[in-house]
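Here are my notes for your first look at this one. Have the model open beside you as you read.

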Amino acid sequence: MEQYVMRGRIPLNGEVEIGGAKNAALAILAAAIQASDSVIVENIPNVRDVNVLLEAIRGIGGIVDRIDPHTVRLNGSLITDYRVDYEYIKKIRASYYLLGALLGKYKQAEVALPGGCDIGSRPIDLHIKGFRALGAEVSIEHGLIKAKADRLIGTHIYLDKVSVGATINIMMAAVMAEGKTIIENAAKEPHVVDVANFLSSMGARIRGAGTDVIRIVGVENLHGSEYAVIPDQIEAGTFMFAAAATQGDVLVKNVIPKHLEATSAKLADIGCTVREYDDAVRVTMKGRMKRTQITTLPYPGFPTDMQPQMSVLLGMAEGTSTVTESIFENRFKYVDELTRMGANIKVESNIAVISGVECYTGAIVSAPDLRAGAALVIAGLAADGVTVVDDIHYIERGYEAFPQKLSALGAQIEKVSTEKELQKFRLKVS
Ligand code: UD1
């Protein structure tokens, strides 16, 4: 079994380059099939989720040409199969973006219903409500969501809850509907804006992305385009937190500092120095971190995808902090693992009460999901002794070359796949 093994308490120092945003790339690659010619998408992260989605697109007849690890040429104009199997959807939930993209372009789509995910129940009722409002008939049969329309007609949709996925999926269908669509209470995340910009680069008419009202005027055709995905705010935040946790000094490059405001503000709250440059942020931490409170919220609030990493920092801060998870109910599964490293955390419903300890101690822990896995790596980098993180396939879904990037900052971390390699690492660092 593949694992990350690391020896902690080494301050991270130096520079790290952030890749393209996974969540933006997933939606953009799905939307790319809507063009009638080839589309080139750059700055794609070379991570498992993206690779699975590209396979799913190939699986329905899309032409996918990997120009280099971070650039793809994609042509979806010859797709004749509108059914995306469970094989893909069980690997990545985001393949449901093909529902909006296929429905928009081909007026029909069948995508396996995503199963329960490990961070809580993740319904897709809002996506379905949006497609129905646009005039599609949507049914759920034999584990498949089937959506079909003779015509999609623009309409006024109010989302009862702010949802990134529903906003993007409805937007993709609506750009090829007839007439005007208004999406109210839309998500404002940077990747919603990125997808809107990408669709616009193909000829879509969208206004208001990044606010809570998105206005779309449908077009008949979308043309080819060349587009570069925005930097990944969560990968950036993860490295910023790793710098702080290890008392380090790291310049995180190729970021949009505005997208990191909530993350930077909380780092400043707990005593870190965060300096912003045009396309980089530098995080420096000296001394014990201070307590704070956080509540996860839709953008521009504190991102739920940074919640586990934040808890790891607060677990070492002076005093008692609280972390309230308001987006996904089951996002504290890493707490038991962190407790095994010496953390003192009590979870009551959606609130974690964290009493900071001086230092974690290395242990063997398992990644329960993608972001929690990254958080456990941060804990290991800060811990006394050796930490082994299991189930790293979750981490590899969303972080490209994670151990390599950390090593370049001075961390002692390796990916191992045998007991012998693990022992060799232990001997080397002892
Ligand atoms: C996306 C991100 C994920 C991030 C999340 C919140 C991708 C691939 N994933 O997930 O990393 O944690 O945004 O920023 O981009 N909801 C409903 N009905 C729906 C849809 C959502 O009730 O039809 C609820 C969810 O249960 C959740 C909330 O709305 O409580 C927000 O979920 P949503 O923004 O849709 O998350 P995802 O798009 O799945």
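1. Start with the shell around the ligand: its largest share, 3 residues, comes from H5. Helices here are DSSP runs of H or I with at least four residues, strands are runs of E with at least two, and both are numbered from the N terminus. The elements giving two or more residues to this shell are helix H5 (125–133) and helix H6 (164–174).

2. A word on what you're looking at: this is a predicted model, where local features need pLDDT of at least 70, side-chain atom pairs count only at pLDDT 80 or more, and totals for chains, interfaces and linings use all residues. Residues are numbered from 1 along each chain as its sequence is written, and side-chain values use heavy atoms, with hydrogens and water left out.

3. Which residues come nearest to the ligand? Of the 21 around it, they are Asp125, Ser163, Val164, Asp305 and Ile327. (A residue counts as near if one of its heavy atoms lies within 4 Å.) By type, the shell splits into 9 nonpolar, 7 polar and 5 charged residues; Asp, Glu, Lys and Arg are the charged class, Ala, Val, Leu, Ile, Met, Phe, Trp, Tyr, Cys and Pro the nonpolar one, and the others, Gly among them, are polar.

4. Now the backbone. A polar backbone atom of Ile327 sits 2.6 Å from an oxygen atom of the ligand, and for a backbone N or O atom of Val164 the distance to a ligand oxygen is 2.7 Å. Pro123 also has a polar backbone atom 3.3 Å from a ligand oxygen. (Polar contacts here are pairs of N or O atoms within 3.5 Å.)

5. Why does the ligand lie between the two domains? Domain 1 (3–18 + 231–429) and domain 2 (22–228) both give residues to the shell, so the ligand lies between them. The bounds come from an automatic or database domain assignment.

6. Next, an open sheet of 4 strands, ordered E2-E15-E17-E16, with mixed pairing. Strands pair if DSSP finds at least two bridges between them. Strand E2 (13–17) and strand E16 (273–276) each have a single partner strand, so one side of each lacks a neighbour in the sheet. Inside it, E15 (249–253) and E17 (280–284) run antiparallel, joined by 5 bridges, with Val252 opposite Val281.

7. Another open sheet of 4 strands runs E18-E19-E21-E20, again with mixed pairing. Its edges are E18 (293–295) and E20 (344–348). E19 (320–324) and E21 (351–355) pair in the antiparallel sense over 5 bridges, and Thr322 faces Val353 there.

Definitions and conventions:
A polar contact is a pair of N or O atoms within 3.5 Å; within protein, one must be able to donate a hydrogen and the other to accept it, and residues adjacent in sequence count only if both atoms are side-chain atoms.
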